[in-house]
Amino acid sequence: MGTIKTALQAVNGHIRATEAACHRPAGSVRLLAVSKTFPAEAVQEAFEAGQRAFGENYVQEGVAKILALADLPIEWHFIGPLQSNKSRLVAEHFDWAHSIDRLKIAERLSAQRPANLSPLQVCIQVNVSGETSKSGCRLNDVPEIAHAIQQLPNIQLRGLMCIPEATNDDTALRRQFRALANCLTELNAHGFGLDTLSMGMSADMPIAIAEGATIVRIGTAIFGKRQPTEPN
Ligand SMILES: *Cc1c(COP(=O)(O)O)cnc(C)c1O
C-alpha cells in the first residue's frame with residue numbers, strides 16, 4: 001500500500017536533486033514512468049500520486065491499458081521496438097513514439113495517424129553503443145532520417161532517444177549519452193528546433209541528466225522489479 005507513491009516521490013526527489021547538482025533548471029527533466037509488465041491498476045495508482053506520462057514497450061499490452069484507463073488524462077509514450085505490422089495501433093492510440101529507427105516506420109505512422117488527433121510526437125532512436133544486437137539507427141544516419149521525418153505531415157520530430165550499453169562503466173555510459181546530446185546539438189545548429197533527449201533509466205539516470213537528458217524513462221525504481229520473462 002502506497003509503495004508506488006513513495007517510490008515516485010523518491011524518484012522525483014532524485015531528479016530534482018540531480019538537476020540542481022548539474023546546474024540545470026528545476027523541472028527541465030521530465031519523468032516518464034515505464035509501466036511495462038505492470039497492470040493498469042499500478043498505472044492508476046501512479047496517476048493518483050500525480051504522475052501523468054507513462055511508457056509502454058509492447059504494443060498490445062500498452063493499448064489494453066490505454067483503453068482500460070481511457071477516462072484518465074494520461075500521456076502515453078511508446079518506447080519499445082516497433083514492427084511495421086503494429087504501427088497502426090501505435091498511430092491510433094499513443095501520444096509519443098520514442099523508438100523510430102528507420103524512415104519507413106515514420107512514414108507508416110504519419111499515414112496511419114487519425115485526422116482527429118494531434119501529430120504523433122516522435123524521437124529517433126540511435127544505437128550509440130554500436131552493439132550489433134541493439135536497435136536504433138547509426139549516428140551517421142540521423143541527419144538524413146531527421147530531414148525526411150520533418151516532411152511528414154502527421155508526426156512531429158521532437159528529438160533523439162537511446163538505450164546505452166548495459167554496463168556499470170560510467171565512462172562508457174557518459175560517452176554514449178554525450179554522443180546523443182552532441183547529435184541533437186548538431187541537428188539544431190542546422191535549423192531543427194528539437195527539444196527532447198530521451199535517455200536515462202533507473203540504473204543510469206544521474207549520468208543521463210548530467211549529459212542533458214530531458215526525459216528519463218524509469219520503470220524499476222517506481223514499480224519494482226519486473227518478472228524475468230517479458231511478453232512481446
Ligand atoms: C524497460 C525500459 C526502461 C525502464 O528501465 P528500468 O531499468 O526499469 O528503469 C526504459 N526504457 C526502455 C526503452 C525500456 O525498455
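**View 1. The shell around the ligand, sorted by residue class.** In this predicted model, the residues of the shell around the ligand comprise five nonpolar, four polar and three charged ones. Here Ala, Val, Leu, Ile, Met, Phe, Trp, Tyr, Cys and Pro count as nonpolar, Asp, Glu, Lys and Arg as charged, and the others, Gly among them, as polar. The surrounding residues are V34, K36, N57, I79, I163, M201, S202, R217, I218, G219, T220 and R226, where a residue is near a molecule if one of its heavy atoms lies within 4 Å of it. Residues are numbered from 1 along each chain as its sequence is written, local features need pLDDT of at least 70, side-chain atom pairs count only at pLDDT 80 or more, and totals for chains, interfaces and linings use all residues. Side-chain values use heavy atoms, with hydrogens and water left out.

View 2. An N or O atom in the side chain of K36 lies 2.7 Å from an oxygen atom of the ligand, and for the side chain of N57 the distance from an N or O atom to a ligand oxygen is 2.7 Å. From G219 it is a backbone N or O atom that lies 2.9 Å from an oxygen atom of the ligand. Taken alone, the ligand exposes 390 Å², of which the protein buries 89% (accessible areas come from the Shrake-Rupley method with a 1.4 Å probe).

**View 3. L82 in its loop.** L82 is located in the loop between β3 (75-78) and α4 (87-93), with helices (H or I, at least four residues) and strands (E, at least two) taken as DSSP runs and numbered from the N terminus. With a relative accessible area of 6%, L82 is buried, where buried means under 20% relative accessible area, exposed over 50%, and partly exposed in between (1.4 Å probe, protein chains only). Although L82 and Y58 are 24 residues apart in sequence, they are 8.6 Å apart in space, C-alpha to C-alpha.

View 4. H23, which lies in the loop between α1 (3-21) and β1 (30-34), has a phi near 55°, a positive value in a residue other than glycine. The relative accessibility of H23 is 76%, so that this residue counts as exposed. T37, placed in the loop between β1 and α2 (40-48), is not a glycine either, yet has a positive phi of about 75°. T37 is partly exposed, at a relative accessible area of 28%.

Note on methods. Polar contact = N/O pair within 3.5 Å; in protein donor to acceptor, adjacent residues only side chain to side chain.
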